[in-house]
Amino acid sequence: MAMIHPSADVSPEASIGAGTRVWSNVQIRERAQVGKNCIVARNVYIECDVLVGDNVKIQNNASLYVGLTVE
């Protein structure tokens with residue numbers, strides 16, 4: 001099960017993998033996919049249709065835009 005901070009805005013159409021931690025003020029849009037055991041740090045923006053693989057750490061204030069794949 002993922003841990004999602006109460007201030008994060010995660011679309012119900014997004015997929016968040018087990019063991020992933022989503023920190024404060026994160027926005028994850030529709031159809032974004034974040035893998036297992038990831039860390040999505042503070043103030044990150046993940047746009048629609050972004051794919052993030054397993055075991056990825058995204059640092060504070062990063063913006064990931066449409067079509068990006070991170071492994």
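1. Order of elements. From the N terminus on, the protein runs β-β-β-β-β-β-β-β-β-β-β-β. That is 12 strands and 0 helices. Both are DSSP runs, numbered from the N terminus: strands (E) need at least two residues, helices (H or I) at least four.

2. Basis. This is a predicted model, where local features need pLDDT of at least 70 and side-chain atom pairs count only at pLDDT 80 or more, while totals for chains, interfaces and linings use all residues. Residues are numbered from 1 along each chain as its sequence is written, and side-chain values use heavy atoms, leaving out hydrogens and water.

3. Sheet. Four strands form an open sheet in the order β3-β6-β9-β12, with parallel pairing. Pairing requires at least two DSSP bridges between two strands. β3 (15–16) and β12 (69–70) are the edge strands, each with a single partner, so one side of each has no neighbour in the sheet.

4. One pair up close. β3 pairs with β6 (residues 33–34) in the parallel sense, over 2 bridges. Here S15 stands opposite Q33 in β6.

5. Contacts. Take contacts (heavy atoms within 4.5 Å). Among those between residues at least 6 apart in sequence, 0% join residues at least 24 apart.

6. Burial. Buried residues make up 35% of the 71 residues. Buried means under 20% relative accessible area, with a 1.4 Å probe and protein chains only.

7. Extent. The C-alpha atoms fill a box of roughly 25 × 25 × 20 Å, taken along the principal axes.

Technical notes: Buried means under 20% relative accessible area, exposed over 50%, partly exposed in between (1.4 Å probe, protein chains only).
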